[in-house]
Amino acid sequence: MPHRAYPLTLVLLASTWLSSCATSAPPAPLYQTSTLRALQHGVFDGLRSLGMILQHGDFGLGTLNGLDGELVVLAGQAYRAGADGTVTVVPPEALSPFAAVTFFVPQRTVPAPAGSCADLLAFLETELGSPNVFVAVQVDGVFPTLTVRSVPKQAPPYPPLEQVLAGQVVFPLRHQVGSLIGFWTPPYLGAVSSPGWHLHFLARDRQTAGHLLDCSLAEGVVKLAELPGLVLDLPETETYRTATLSP
Ligand SMILES: [Zn+2]
């Protein structure tokens with residue numbers, strides 16, 4: 001497939017609430033391949049290679065071709081959390097049907113409150129300058145309990161996402177040290193990406209990862225960056241073009 005820069009690109013712009021903060025580089029936008037609505041309708045074929053996606057960010061999350069596990073990107077390295085519980089490094093030629101990345105430069109670093117995951121998410125929400133902008137977040141911490149999930153690879157014809165999630169594999173974990181990585185999506189953009197917080201976990205030893213379902217936090221540090229907009233890279237595939245995605 002010939003490379004085109006941002007085919008069918010939609011760029012949503014927003015002002016930054018921390019623009020007065022001094023950072024060494026201007027914040028990068030969120031770059032996202034495909035949409036949550038397309039995933040919900042079974043558009044699981046890989047759209048972009050990880051090699052290309054990592055040109056747009058060194059931090060983020062997503063999934064892999066055929067919904068083959070959960071994707072986490074940290075410090076420019078992509079990891080796949082498989083439904084078998086293994087974590088592997090993703091090669092640059094691997095394809096993703098949905099990924100969201102940015103070049104994460106924290107604008108604000110604050111201690112995380114000890115407590116439940118609900119406490120943490122509520123705290124993170126108080127740290128938002130506005131609910132109507134994209135925010136990248138990383139929570140480095142010690143998690144006495146942590147529940148993550150992954151999903152098994154699907155074969156065409158792909159089922160709806162809801163059906164795949166009914167068969168998700170849940171991993172209840174204890175005594176994890178690592179990072180929650182992800183984004184706040186303005187709730188009114190819920191067809192584009194998971195509304196609110198969407199977080200994936202990656203253990204410091206890179207042996208455990210997955211989509212966050214629940215946790216408790218003993219101690220931690222929160223790093224946040226408001227992102228100046230969204231670059232949305234939409235599939236050119238017939239599956240996408242002919243899917244009924246609008247109500
Ligand atoms: Zn996820």
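**Strands, burial and a zinc site**

User: In E13, which residue is the bridge partner of alanine 136?

Analyst: Happy to start there: alanine 136 has phenylalanine 183 in E13 as its bridge partner. This is a predicted model, where local features need pLDDT of at least 70, side-chain atom pairs count only at pLDDT 80 or more, and totals for chains, interfaces and linings use all residues. Residues are numbered from 1 along each chain as its sequence is written, and side-chain values use heavy atoms, with hydrogens and water left out.

User: What makes E12 and E13 a pair?

Analyst: Strands (E, at least two residues) are DSSP runs numbered from the N terminus, and two of them pair if DSSP finds at least two bridges between them. Strand E12 (residues 135–150) and strand E13 (residues 169–185) are joined by 15 bridges and run antiparallel, so they meet that definition.

User: Which strand is joined to E13 by eight bridges?

Analyst: That is E14 (residues 196–203), again antiparallel to E13. Here serine 179 stands opposite leucine 202 in E14.

User: Why is histidine 198 called buried?

Analyst: Buried means under 20% relative accessible area, exposed over 50%, and partly exposed in between (1.4 Å probe, protein chains only). Histidine 198 has 10% relative accessibility, so it counts as buried. Histidine 211, at 13%, is buried too.

User: Why is alanine 25 called partly exposed?

Analyst: Alanine 25 has 32% relative accessibility and therefore counts as partly exposed. Alanine 25 is found in the loop between strand E1 (10–13) and strand E2 (30–33).

User: What makes His198, His200 and His211 donors of the zinc ion?

Analyst: Donors are N, O and S atoms within 2.8 Å of the metal (3.2 Å for Na, K and Ca); water is not among the atoms, so sites may look incomplete. His198 (NE2), His200 (NE2) and His211 (ND1) lie 2.0 to 2.1 Å from the zinc ion, so these atoms qualify.

How values were computed: Helices (H or I, at least four residues) and strands (E, at least two) are DSSP runs, numbered from the N terminus.
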